[in-house]
Structure formats: structure tokens, C-alpha cells
Amino acid sequence: MKIKHMQVLLFLSILSCRAYASEIVPMHKLFEEADRYEGQKVEVKGEAVGDIMGDGETYWVNVKDGDFFIGIVLDSRQKGLVKNLGRYRVKGDIVRVSGIYNVHCPLHYGERDIHAETIEIVEEGRRIEEKLETDKIILSVLLGLITIIFIYHSHRMKHRKGTGGPHN
Amino acid sequence: MIPHFSREDVSSILHYLGRLIYGMGIVMLVPVFVGVINMEWAPSIDFILSSLICLCAGSLILLKFNEERDLNWRQGMSLVALSWVMAMFFGAIPLYLSGHYNSYLDSLFEAMSAFATTGLVLVNNVDHMAYAYNFWRHFMCFIGGQGIILVALTLFVKGGSAFKVYVGEAREEKIMPNIIQTARFIWLVSLTYLVIGTSILLFINLLRDISPGRALFHSICLFMSGWDTAGFAVQSQNILYYHSPAIEIVTAMIFLLGAVNFGVHYAVWTGRPHELVRNFELKVYMFSILALFSLVCIGFIMQFPFPGYVPFFRKAFYQLISAHTGVGYSNITVQHFLYFWPPLALLGIILAMGLGGSSSSTAGGIKILRIGLFFKGIKKEIRILTSPESAVIVERFHHIRDISVEDNHIKMSAIIIILYVAVYLAGGVIGSFYGYPFLPALFESVSATANVGLSMGITSPLMPNGLKIVYIMQMWLGRLEFISVFVLFKFILSLKSPQ
């Protein structure tokens, strides 16, 4: 009976460990509880932004979760999976990255990073169309006309002064 | 008794102010070009609109106040102080139109931070910002770092007025006999380094597989912000974004050069490289960097969170020189300062920010020359007190030329040091009143006043509006080194007081 209980407990603890390993860690926790996650396998989710940057045989991509960012180290195969990077008019791919978290990575001169083991695209990025505001265009035209009138008057005044006009 | 400013004073100041606003309208056409080549149509329209607002306002003022007169000292000083305020109000327009700021006040904060080359930011989601807006943020740093008035000097301020506005912008030294030549030399140095620095950064970025267009954009912006010791970056992670020691080394070289007195640059350019080893200010600078880095090291040794010397040196030394030159570039996160930096190391950074870079450079803060002179003054007093009464004590130092320490030098240095320290502390106390712990509040206050831009997280779009206004004032006062702002205040008071 006792052994059976032990087996159940062991099974439950393995299950909870697996659940913990696959749980997404909010990025702010990687800063606030750095000691807890240091050297551990973690899973983070966020938008890939900016550029994919080469670094020898590996690549860097920055992933954003709210106001927090982390640098992810990818191999060339993983790099190929990220197609859309967040920029102006582009919403980047939402990626789910699983890998080892380093507060001061010994391989990258103390960088805070995650060495990706797996990377999955949770939501594909997309292009966002620009919206042109007609109000601004109309206002620009009006201001342009007013400015031309002001500049014209200003030059005329200068000219009149130069030639001994009424202002002299 | 406050001397009254006459109608003539107001008219002269407004005339040049009109020209400056008009000039801003022309300068805003540069980001229009950036927007058009990147096919960013909405941002381009925002810049055309902003440019037209400036041109319209400028030409209206010029229409009303069309007489160009030579400026006297008080007019020149007031003009400088007002120019920076106007530049902030007009420079903030495209930022506000971008939709990346919560309010116009936030845009004003960012514009002042850029012009004063501070680098504190309130922008939301800069990672998705259009090239045109992002370029404008960095271009404002370049204009501000060179000096708004210095830019204007090369364009439209003539005659005897030039020196008065040049001094008003916290530059005391005429590098060349003629002030316009001095302004042009500063431009020549900056543009030469722009080409060299941008090329090196571009080469590194291209090697790292960044697309050529983006690599060029990053490189130009990094240079402008680094050289003018501003500290803005294209992405919200600042220098950390690149995860590259090479980028860190090159940016460090750029901002160290930017924080060197233009007089020293001139000496080296004109075949006097020995100035680098003889210059008193540079010697004090080196000593100060070593002393403060030792303080940071002691702080970490007492509570050492870094696993090795290389990561420690890479992160801690970069922060220290970034703070000391006033650039505010960072290869760590804001949270890193909060969670991993011991108080003693933070004190080292605060002192480095407070002391600042060289005089007549793009750096902010008290300035190393003043600190050196202050200590020379103390040494001179001790020598006087310990020498026979008949002895004539002369204390000398070498700064471009051999100079003997005069009482006036010491007095002016002491006044400016006291003013800076008072504003640093006042900002820290005000931050505490808003509910922030004193150390981060002091850190932020020194960062704003010394135009550095490092942050412990207080500066954010969510901070109280009152504190945003306080930091705007501190950035303005710190950039102009108080005097021209005080003259402007006197001017405003004289308008209100009865004849």
C-alpha cells in the first residue's frame, strides 16, 4: 500500500515538474527572480523585434514581452523560422522560446540571454497598413499658403526699406 | 532693483527667435527626406505639417519684428535661453503627431532631452517607430549637442552678436580668433568624425548580417547620439540591443572623443598632439575615471554579483565612462541597476554623472576643468597660508596654453559647482516628495541635470507630470549652465515689475 502511495506521489511530482518546465515565465520574473531561474531551462513568449544579428555561428534576436526584453541565441536553423521582425508597419512573429537562461552568460561575455533549444511561432507576424489622415493634408496646404503670404510680405517690406520706403 | 528690458530688447530677441523658428522649419525637411526614401508617407506628412507650422510662426514673427540689430549681453543671454525653450516646443510637434507619446508634455520632455543631449526617454514602443521619427529624435541630439545657437551662428547670426550667444550656450572658449570660424571648426570636426564613426559602425553592422539600409540607419543614429553624448538609441534596449562587444568598444571611443574639449581637438588637428598628455583637464579626467571606477569595484567586491572579471569590466566600466562623459548609453537594463548594483557602485555612477565631461565639449555636468580649478584654488590657498607673507604664490596649469590660476577662475568654478550640486539635491528631494526612494530619485535628478540619461526606472511615461516638468527644467538649466537662464528669468521679472 505504502509503495503504491509513493508511486502516485512520484508520478504527481514528475507531472508537476513537467508542467513547471513547460510553463511560460513572464519576462519580468527573469529579472525580479534572477537567482531562481539562473541556469534553468525556461520558456518565454514574446514578439521578435528589430533585426536578427549574426555572432559567429550563432544569431541574436531580441524578444519583447511588455516592457521587458531578452536576447535569444539561435542557431542557423532556428533563425530561419523567424520571418517577421517587429518594426514600423510590421508586427513581429510571436515566438515561444524554450532554452537555458543565463544572467551572466559565460559564452557571451556576461550577456543576459536565453540559449534557445526550441523556438515555435505561436502567431505569425503581419504587415500593418499606414493610415493617411486627410485633416493633416488639408491643414498642411492651408499653412503652406499662409506661409507663402507671410514670406512674400516679409520680403516686400525688406525691399521697401532697402529702397527708402515708408518704414525708413 | 531689476533693470528693465526695453521694447528694443524685446524686439531684438524676438527677431532672432523668429529666425531660429524659421530655421527649425527648414531643418525639419531632413526627416521628410528620410521618410520619403523609406516610403513612410504618414510620417512624411507629419514632418511637412510640423515644418510648415515652424515656417509660418517664424515668418509671422519676422514680419512683425523685422529689424536686425546687434545684440548686447543681456539680449544675447536671454535669446539663448528662450531659443532652447522654443526649440523644445517646436521640435516636439512631430513627436506628438507620431502617436508614440501619451501627451504633448511627454513629447516636450523627449524634445528637451534630445536637444539638451540628456537621453532620458518617455517614448512608447520605439521598436515600432518609423525611421523618420526615430531619425528626428537623433537629429535633435546632434543639433543640440553641437549647440542650437552654434548651428544658428553658422547660418544667420552676424557681427558682435555672435560671441554673446556663443557664450550664453555654455561655451566660453574661442578656439579660433573669430567666433564664426570657431563654429565652423566645430562642425568640421563633428562631420569628419561622423563619416569615420558611421563607417566603422556600418562595417560592424554589415558583418553581423543586418540589412544595408538598416545597418546605415543604426550607424548614423548611434554616431549622432554618441558623439553628442546624448544616449538615445534606435531600439528601446539601447546598446544592449546589439549584444556586441565591438559595438560597445566603438561607441565608447566615439563618446569619449565627444566628451573632449574642442580646443584639444583643434590642438591635435593642427599638429600639437602633445596637448593630449599635457592638458590639465584631461589629466584630471583620467584620474577621476580611475578613482570612480575603483569606487564601483569596491562596491561590487563587497557584494559581488558578477561571475567573472570580463563581464564585470564590460558592464561596469562601460556604465562608468558612459556616466562620466554624460552620454548615458547602456549595455545593461534599467532593472539591472535596480536589482544588481550595490549602493556604493551606484554612488560611483552618480558622482561620475555629476562631474561630467570636459568644458567646451558636447558633454554636460559640472565639467572636469572646474573641479580641477577648484582643487588648484584650495592648493593655492594652502600654499599662501604656509608661505612667508612677502612670497608671491603663482599656481599654473596647462589648458591649450599655460594659464595661471586667478581668483576669478576659482570663484566662477565654485559658483557653478554650488549651483549644480544644489540642483542635483533639489531634484532628488522633489523626487522623494513624489514617493520615490531618495537614492533612485537622486540618481535620476543628477542624470537629468548633468544631461546624462541613465535611469533607475523613475523616468517613464507613467511618472507624475510635475516631476516631468521638474526634469525638463533641470535638463534646460544643466545644458545652459544656469547663467543665461537666470538672465532670462530676470528679463521676465522686469516685464512684470512696475517701472
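This is a predicted model: local features need pLDDT of at least 70, side-chain atom pairs count only at pLDDT 80 or more; totals for chains, interfaces and linings use all residues.
Let's start with one residue, Trp41(B).

Where does Trp41(B) sit? Its place is in helix α3 of chain B, a helix that covers residues 41-64.

Now look around that tryptophan. Trp41(B) belongs to a nonpolar patch on the surface. Chain B also gives Val36(B) and Met39(B) to this patch. From chain A come Leu132(A), Ile137(A), Val141(A), Leu145(A) and Ile148(A). Together, the residues of the patch have about 750 Å² of accessible area. Which element gives the patch its largest share? That is helix α5 of chain A, residues 134-162, with 4 residues.

That brings us to chain A as a whole. Chain A has 168 residues, and buried residues make up 42% of them. There are 5 helices and 7 strands in this chain. Follow the elements from the N terminus and you read α-α-α-β-β-β-α-β-β-β-β-α. Next, the contacts in chain A. Take those between residues at least 6 apart in sequence: 56% of them join residues at least 24 apart. And the surface? Chain A has an accessible surface of about 10200 Å². Carbon and sulfur atoms account for 59% of that surface.

Next, the strands of chain A. How many strands close into the barrel? The number is 5, and their order is β1-β2-β3-β6-β5. The pairing in this barrel is mixed. From one strand to the next, the twist averages 50 degrees.

Let's zoom in on one pair in chain A. Strand β1 covers residues 41-55, and strand β2 covers residues 58-65. Parallel or antiparallel? The two pair in the antiparallel sense, over 6 bridges.

Strand β1 of chain B spans residues 396-399, and strand β2 of chain B spans residues 401-404. These strands run antiparallel, and 4 bridges join them. Phe397(B) stands opposite Ile403(B) in β2(B). What do β1(B) and β2(B) form? They form a hairpin, with 1 residue between them. Ile400(B) is in the turn. Its phi is positive, at about 70 degrees.

To recap: a nonpolar surface patch with residues from chains A and B, a barrel of 5 strands in chain A, and a hairpin in chain B.

Technical notes: Residues are numbered from 1 along each chain as its sequence is written. Chains are lettered from A and ligands numbered from 1 in the order in which they are written. Side-chain values use heavy atoms; hydrogens and water are left out. Two strands pair if DSSP finds at least two bridges between them. Axes are lines fitted to C-alpha atoms, for helices over the stretch in contact, and angles run from 0 to 180 degrees between N-to-C directions. Patches are made of residues with over 30% relative accessible area and no salt bridge: like charges are joined within 9 Å, nonpolar side chains (Val, Leu, Ile, Met, Phe, Trp, Tyr) within 5 Å. Accessible areas come from the Shrake-Rupley method with a 1.4 Å probe; for residues, only the protein chains shown count as cover. A salt bridge is a side-chain nitrogen of Lys or Arg within 4 Å of a carboxyl oxygen of Asp or Glu. Buried means under 20% relative accessible area, exposed over 50%, partly exposed in between (1.4 Å probe, protein chains only). Contact means heavy atoms within 4.5 Å.
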